[in-house]
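Q: I would like to learn how to read a structure, feature by feature. Where do we begin?

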Amino acid sequence: MGVLSTVLQSRAVAALASPHGVDRFLEQVNPLWAAHEVRGRVVDVRHETTGVHPVSTLTVQPTSTWRGHRAGQHVQVGVDLPGARRATRCFSVSSAASGPGERFTLTVRAHDDGQERASVSRHLATAAPGTLLHLSQAGGDFTMHATPATPTPHPLLLVSGGSGITPVMSMLRTLLRDGYDGRAGRPVTFLHYARSAAEQIYAEELAAIARFDNHVDVRLVHTGEGGQRFSPAALARLVPDFRDTDTWACGPTGLVQAVQAAYDGSARLRVEHFKAPTTAPGAEGAEGETSFARSGLGAANTGETLLAQAEALGLRPQTGCRMGICFSCTTRKTRGTVRDVVTGEESSRPDEDVRICVSAPVGSCTLDL
Amino acid sequence: MTSTTTGTTTGTPRLTPDQLDALGAELDAIRQRVLADLGEADADYIHGVVRLQRRLEVAGRALFYLPPAWPLAVAALSVSKILDNMEIGHNVMHGQYDWMGEPGLSSRMYEWDNVCPSEQWRYSHNYIHHTFTNVLGKDRDIGYGILRMDEDQPWHPYYLGNPAYAFLLMVFFEWGVAMHDLEVENIVAGRRSLADNKALHAGIMRKVRRQAFKDYVLFPALTGPFFPLTLAGNATANLVRNVWAFNIIFCGHFPAGVATFSEEECEDESRGHWYYRQLLGSANIDGGPLFHLMTGNLSFQVEHHLFPDLPARRYPEISGEVQEICERYGLPYNTGPLGKQLLSVARKICRLALPGRRSDQAAPAAAQPAAA
Ligand SMILES: Cc1cc2nc3c(=O)[nH]c(=O)nc-3n(C[C@H](O)[C@H](O)[C@H](O)COP(=O)(O)OP(=O)(O)OC[C@H]3O[C@@H](n4cnc5c(N)ncnc54)[C@H](O)[C@@H]3O)c2cc1C
Ligand code: FES
C-alpha cells in the first residue's frame with residue numbers, strides 16, 4: 001500500500017473530511033480514486049457465447065482499495081441502470097486469485113429484463129469498455145483456502161452447471177497458475193454441464209487445458225445434445241470415492257440439489273448458490289397479515305419472502321444480491337415472527353433488522369417499509 | 001368557533017369528507033405522475049449540487065491560507081454548509097433520492113455538516129414534524145419547545161423572553177436542532193426523565209465532538225499562524241448557516257395565516273385531511289431560482305409538506321397546479337416575499353411574548369387567497 005493511500009485512510013484525513021468521508025471528495029476528481037470504497041472500470045469485454053442469453057467476460061480494473069480475492073469468492077457489483085437507478089447483484093470472480101489492486105474478470109450471463117426492472121446481468125453482459133462498476137470487497141467462503149485438501153496432493157472434484165462455472169474456473173485457473181510447471185499439482189476432475197457446445201463458456205481454454213498433461217481431467221457434458229444429466233452413478237464412474245473427495249459444486253438449483261443428495265451430508269462437499277432457495281406460496285406459517293407500515297399497504301401473508309410480498313404489492317425496496325449476502329435489503333421489522341428461508345431459524349424480536357430477501361413471515365408481521 | 005383551526009383570522013374553509021377525499025385523490029395523482037417521471041434529470045441535478053457543494057467546501061477551506069481572501073473563504077464555506085444542510089442534507093434525508101439506490105444519496109446513510117446527528121433528525125423531523133405538522137402538543141417544531149408560537153399555547157411569564165429566546169435560537173440554531181430531541185421542556189415539566197436521554201445524548205456528543213474538532217481545532221491548526229482567523233471564519237460560516245436556516249424554516253410555518261390543529265381533529269384522519277392540514281400549516285416564500293436553491297426549495301414549504309419525499313427540484317413545476325387546486329377548494333395558499341414573511345414571523349414572536357389568546361392584531365397579514 002502506497003504512502004498516499006495510508007494518508008488517505010488515516011484518521012486525521014477522516015476527521016477533516018467528516019461527515020462525508022474522503023471518498024465523497026475523491027470521486028469528484030476521478031471515480032477510480034478511493035480510500036475506502038471499491039470501484040472498478042471495465043477495461044475489456046470478451047463475448048463467450050451468443051444467443052438470447054449471451055455470456056460475456058469483463059476484465060475489471062479495480063481501485064487500489066481492492067484487497068484481492070481468493071479463488072471461489074464473489075463480489076457485489078453495482079451498476080447504474082438507465083433512469084439513474086443503481087442496482088447491485090453478486091458475481092463470482094472468474095479469474096485466478098488476485099492480489100491487492102490487481103485486475104480480475106467477471107463472467108456474466110444476460111438474463112431477461114424483468115417487467116419493471118432492467119436486468120443487471122444483461123446490462124453487464126452487454127456493457128462497453130469504460131463502464132464504471134461499484135464494487136464490494138470479495139467475500140464468501142466457497143474457497144479452496146485453508147481446507148484440509150489444500151496442502152496435500154489429494155484429488156479435487158469441481159462440479160458446475162451453466163454460469164455456475166465461474167467460481168470453480170477461478171479455482172482451476174489458480175491451481176494451474178500457482179502449481180508446479182503449469183500443473184495443478186494434484187489430480188483434478190473438472191465436471192461441467194452446459195446445454196450445448198454453443199453454450200459452452202470458456203470452450204477454447206477448457207479444450208487447451210484438457211489437451212495438456214497437467215493432471216486435470218476435463219469432462220464437459222452437453223445435456224441438450226445427448227449428454228447425460230447428473231447422476232450419482234455417473235459421478236461414481238468418474239470418481240469412485242467421490243464422497244471422500246474434496247468437492248466444490250455450483251450451478252442451477254436442480255444440479256446443486258442433486259449433488260447434495262448424492263453426497264448424503266458428506267463434509268467434503270461445499271456448494272455455492274446463485275439464487276436463494278425460493279419459498280413457495282402457501283408455505284408453513286402462511287397465515288395472518290403482512291403489513292408495510294410506512295406505505296400503509298398490507299395483504300394476507302402468502303408465506304413467500306417479505307421481499308416477494310412487498311414487490312407483489314408494488315413496493316420497490318432496495319435490494320442487492322437478493323439472497324441474504326449483501327444486507328442492502330435490511331429493513332426494520334416492528335412486530336411478528338420471521339423465518340430465515342436459508343437456515344430455517346425463526347426470530348420474534350420486536351424492532352429487529354431483517355434481510356427481507358431471505359425472511360418469510362410466520363403469521364402476522366409488520367415491516368417499516 | 002370552537003378550537004378547530006386557529007391562527008387564521010377569517011375562519012379556515014372547512015371541507016366535507018367527500019371534498020377531502022377528492023382533494024386527496026387529486027394530490028395523489030400529482031405525486032404518482034412525478035414519481036413515474038423521476039430519472040436522469042433529477043440525478044444530474046442533485047449530482048450537480050453535490051459537486052458544487054464539495055468544490056465550495058474545498059475552496060473555502062483552502063482560501064483560509066490567503067488571509068486577504070478571508071471574506072471569500074467564509075462566503076464559500078457558508079454557502080457550502082447551507083447547500084449541504086438544505087438542498088442536499090434535508091432533502092436526501094427525506095428519502096427524495098432513495099429511488100436512485102446510490103449509497104451516497106441514501107436517506108439511511110447520509111450524514112450532514114451539522115451537529116445534529118442525522119439519524120436523530122430523521123426521527124424528529126421526518127416522522128414527528130411531518131406527520132404531526134402543526135398539531136399542538138405533538139409537533140415539537142412549534143416553537144422548538146422554548147418559544148410561544150401559537151395563541152393556544154398557554155401564556156407564562158417565562159414567555160416574556162420570547163423575542164430574546166428566538167434570537168438565541170437563531171444564532172445557535174444547529175445546537176437548538178441537536179438539543180431538540182432531548183425534550184428539555186418535558187424534563188423540566190417532569191414528563192420525561194434524564195435516563196430517557198442517555199442514548200440520544202451519546203449520539204449527539206459524538207457528532208458534536210466531530211464537528212467541533214474539525215471546525216474549531218483541526219482546520220484552524222492546519223493553517224498554522226492563521227489559526228485565529230480560520231477559527232473565526234469557520235465560526236462565522238456556521239453562524240451564517242444558522243441564521244439563514246432559522247429564518248427560512250420559521251417562514252415555513254409561522255407567518256400569520258398559517259393554521260395549527262388540535263390533537264382531536266387529527267385522530268384517525270383521512271389522507272385528504274392530512275393533505276389539507278399540510279396545506280394550511282405551511283407557507284411559501286417567493287423568489288428566483290438561486291434563492292430557491294439556497295433554501296433547499298423549502299421556499300416551497302407547502303409543496304414540500306404535501307410531498308416530502310419528491311425531489312425538491314420538482315416543487316416549482318407543480319406549485320402552479322397546487323395553487324389551482326387550492327383556488328378550486330377555496331383554500332388559502334400562503335406565500336409572500338421573504339421580507340413580508342419574516343416581518344410577520346417577527347411580529348408573532350413579539351406579540352405572543354405577552355398574554356392573551358387570540359388578538360386582532362393578527363389581521364394585517366392574513367392568509368391570502370391563492371396568488372394569481
Ligand atoms: C454468490 C453468487 C454468485 C454469482 N455469480 C454469478 C456469476 O458468476 N455469473 C452470473 O452470470 N451470475 C452470477 N450470479 C447471479 C447474479 O447475481 C444474478 O442473480 C443474475 O445475474 C440475475 O440478475 P439480474 O439482475 O439480471 O436479474 P433480476 O433483475 O434479478 O431478474 C431478471 C430475471 O432473471 C431471473 N433470474 C434472476 N436470477 C436468476 C438466476 N440466478 N438464474 C436464473 N434466472 C434468474 C428472474 O426471475 C427474472 O425473470 C451469482 C449470484 C450469487 C448469489
Ligand atoms: S438483497 Fe442482499 S441481503 Fe437481501
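A: With the ligand. An oxygen atom of ligand 1 is 2.6 Å from an N or O atom in the side chain of S119(A). That is a polar contact, a pair of N or O atoms within 3.5 Å; within protein, one must be able to donate a hydrogen and the other to accept it, and residues adjacent in sequence count only if both atoms are side-chain atoms. This is a predicted model: local features need pLDDT of at least 70, side-chain atom pairs count only at pLDDT 80 or more, and totals for chains, interfaces and linings use all residues. Residues are numbered from 1 along each chain as its sequence is written, chains are lettered from A and ligands numbered from 1 in the order in which they are written, and side-chain values use heavy atoms, with hydrogens and water left out.

Q: Which polar backbone atoms does a nitrogen atom of ligand 1 approach?

A: One belongs to S92(A), at 3.0 Å. Another belongs to T107(A), at 2.9 Å.

Q: How many residues surround ligand 1?

A: The count is 22, taking residues with a heavy atom within 4 Å of the ligand. Among the closest are C90(A), S119(A) and M323(A).

Q: How do I read a salt bridge?

A: Side chains of opposite charge can pair when their charged atoms come close. The rule asks for a side-chain nitrogen of Lys or Arg within 4 Å of a carboxyl oxygen of Asp or Glu. In one of them, D246(A) pairs with R268(A), with the closest N and O atoms 2.7 Å apart.

Q: Why does the pair D246(A) and R268(A) tie together parts that are apart in sequence?

A: D246(A) lies in strand 10 of chain A and R268(A) in the loop between helix 8 and strand 11 of chain A, so the pair links parts 22 residues apart in sequence. Helices (H or I, at least four residues) and strands (E, at least two) are DSSP runs, numbered from the N terminus.

Q: What joins chain B to chain A?

A: Contact means heavy atoms within 4.5 Å. Here 32 residues of chain B and 17 residues of chain A take part. One salt bridge is counted between the chains: E102(B) meets R86(A) at 3.7 Å, N to O. The interface also has seven residue pairs in polar contact, both residues at pLDDT 80 or more. On the side of chain B that touches chain A, helix 2 (40-63) and helix 8 (198-222) of chain B each give two or more residues.
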